[in-house]
Amino acid sequence: MSRPYRHTTPVPKKSATGRVAAVYAQMATDFLLDDGPLMSLSPAPDVLAGTWALLREAEIVGTAARADKEAVASAVSLANRCPFCTEAHALLAHGAGDHDLAEAARAGRTPEDRRQAALLAWAAATRSPGSPDLARPPFPADQTPEFVGTALATHFINRMVTSLLDEQALLPSALRRSQYVRRAAALAIGRVARVSPEPGAGLTVLAGPVPAGPAPAWAGEGPVGPAYLALRAAASAGGELLGEAGRAAVLDAVAAWDGGHPPLGGDPVGREVGADLPPAERPAARLALLAALAPYRITEADVAAWRAAAGGGGQGEGRGDGELTRVLAFGAITATTRVESWIVAGARAESPA
C-alpha cells in the first residue's frame with residue numbers, strides 16, 4: 001500500500017478508527033476514490049476530516065452540475081501542476097457524463113460552449129489575482145458556495161497530494177494516453193458521479209463543534225461554510241509547529257505571492273528561509289513555504305532535514321508523520337486563503353457600487 005506515498009505512511013483502511021474510519025467510509029460511498037490521495041492526510045485526522053468535509057459539501061453535494069464542478073477542479077489542478085488531480089477530476093467529469101468538457105479541462109483547451117469556456121477560464125484564473133475572469137463568475141449566485149468551495153478545496157488538496165504522493169505511481173499510463181480508456185474507466189464511477197448525496201453528512205466527521213466565527217460571505221448559509229472553517233482551523237494549527245520567526249516568514253512570503261510558479265533555476269524559497277531565520281526553524285519554514293508555492297519541489301532531503309532538526313531524534317522527538325502533515329497543511333492553507341482573497345476581490349470588482 002505504501003508505494004504511491006512519499007514521506008509518510010497513511011492509516012490502512014483495515015485498522016482505521018474514529019474520524020479516519022468515518023472519513024474512509026464516506027469516501028467509499030460518495031466518492032469511490034478511497035484508496036488514493038486523501039488517505040495521505042490520515043496521519044492528521046482533523047486535517048483529513050476538514051478536507052473531506054469541504055470537498056464533499058462543495059464538490060459532491062449541491063445543485064450545480066457535477067461535471068461542471070469536476071471540470072473546475074481539473075482546471076485548477078492543471079494550473080497548480082498537479083497531474084494526478086487533473087486526471088482524477090477529469091475522469092469524474094467523464095463519469096458525470098460530459099466527455100467533451102472533461103477532455104477540455106484536462107488539456108487546458110477552450111470548450112466551444114461559451115458558458116463552459118468561461119467556467120474553465122474562471123477556474124484557471126483563481127491563480128491570477130486581478131484577472132478579468134475573476135470579475136465575471138460564470139455561475140448563478142446561489143451556486144457560489146459550490147464553485148468557490150470546490151476551487152478552494154482543490155487548491156488545498158493539490159498542494160497536499162503533490163507534497164505527499166508519487167503521482168506517477170497513481171496514474172496508469174494508459175489513462176494519460178487515451179481518451180477512450182478514460183471514457184471506459186469513467187463507466188465504473190458514473191453511478192456515483194451522477195448522484196448528489198444529502199448535504200451535511202461531511203460535517204459529522206469533524207471533531208467537536210465547528211470553529212467559532214462567521215462563515216465567509218461567499219459560502220452562504222449551508223454546510224460549505226462550516227466545512228471551510230473546520231479545514232482552515234485544522235490546517236492553520238500546523239503553524240504552531242513552526243517557530244515564531246519561521247511562521248512569520250511563511251506568512252509574509254505568501255502575502256507577497258503573485259500566483260506565479262517560482263523559476264526553475266535556483267532555490268525557490270531560499271531567500272525567505274535563509275540566514276535571517278534561526279537554524280532550527282529553517283527546515284519547517286522551508287517545507288511549509290514549498291507546500292504553499294511549489295510542492296512539486298519538495299525532496300527527501302527537505303523532509304530529512306526537518307526530521308533531523310528535532311535534535312537528531314527523528315520521529316522520537318515529535319517529528320512524526322502527523323507533524324509533517326500538519327506543517328505542510330499550514331503552508332497549503334496559507335496559499336489557499338491567499339487564493340480566496342483574490343476570488344473575493346474579483347467578485348467585488350464586478351459588483352455594482
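**Figure 1. Surroundings of phenylalanine 156 in the predicted model.** Once the neighbours within four places in sequence are left aside, Phe156 is in contact (heavy atoms within 4.5 Å) with Val47, Thr51, Leu231, Ala235, Ala329, Ala332, Ile333 and Thr336. This is a predicted model, in which local features need pLDDT of at least 70 and side-chain atom pairs count only at pLDDT 80 or more, while totals for chains, interfaces and linings use all residues. Residues are numbered from 1 along each chain as its sequence is written, and side-chain values use heavy atoms, with hydrogens and water left out.

**Figure 2. The largest nonpolar core.** A nonpolar core is a set of buried Ala, Val, Leu, Ile, Met, Phe, Trp, Tyr and Cys residues joined through side-chain atoms within 4.5 Å, where buried means under 20% relative accessible area with a 1.4 Å probe and protein chains only. The largest such core has 95 residues, and Trp52, Trp122 and Phe156 are those with the most contacts inside it. Its largest share, eleven residues, is supplied by helix 16, residues 321–350; helices are DSSP runs of H or I of at least four residues, strands are runs of E of at least two, and both are numbered from the N terminus. In the protein as a whole there are 16 helices and zero strands, and buried residues account for 55% of its 353 residues.

Figure 3. A cavity is a set of points, on a 1 Å grid over the protein atoms alone, where a 1.4 Å probe fits but cannot get out, and its lining residues have an atom within 4 Å of a point. Grid points are joined across faces, edges and corners, and a volume is the space filled by probe spheres set on the points. The largest cavity has a volume of about 90 Å³, and of the ten residues that line it, Phe31, Pro37, Cys85, His89 and Ile157 are the closest to its centre. Helix 4 (residues 83–95) gives the most to this lining, with four residues. By class, the lining has nine nonpolar residues, one polar and no charged, with Ala, Val, Leu, Ile, Met, Phe, Trp, Tyr, Cys and Pro counted as nonpolar, Asp, Glu, Lys and Arg as charged, and the others, Gly among them, as polar.

**Figure 4. The second largest cavity.** About 40 Å³ of space lies in this cavity, which is lined by Asn80, Arg127, Asn158, Arg159, Thr162, His261, Leu293, Pro295 and Tyr296. Helix 7 (residues 144–164) gives the most to the lining, with three residues. The lining divides into three nonpolar, four polar and two charged residues.

How values were computed: Buried means under 20% relative accessible area, exposed over 50%, partly exposed in between (1.4 Å probe, protein chains only). On a 1 Å grid over the protein atoms alone, a cavity is a set of points where a 1.4 Å probe fits but cannot get out, and a pocket is an open set with protein on both sides within 12 Å along at least five of seven lines; lining residues have an atom within 4 Å of a point.
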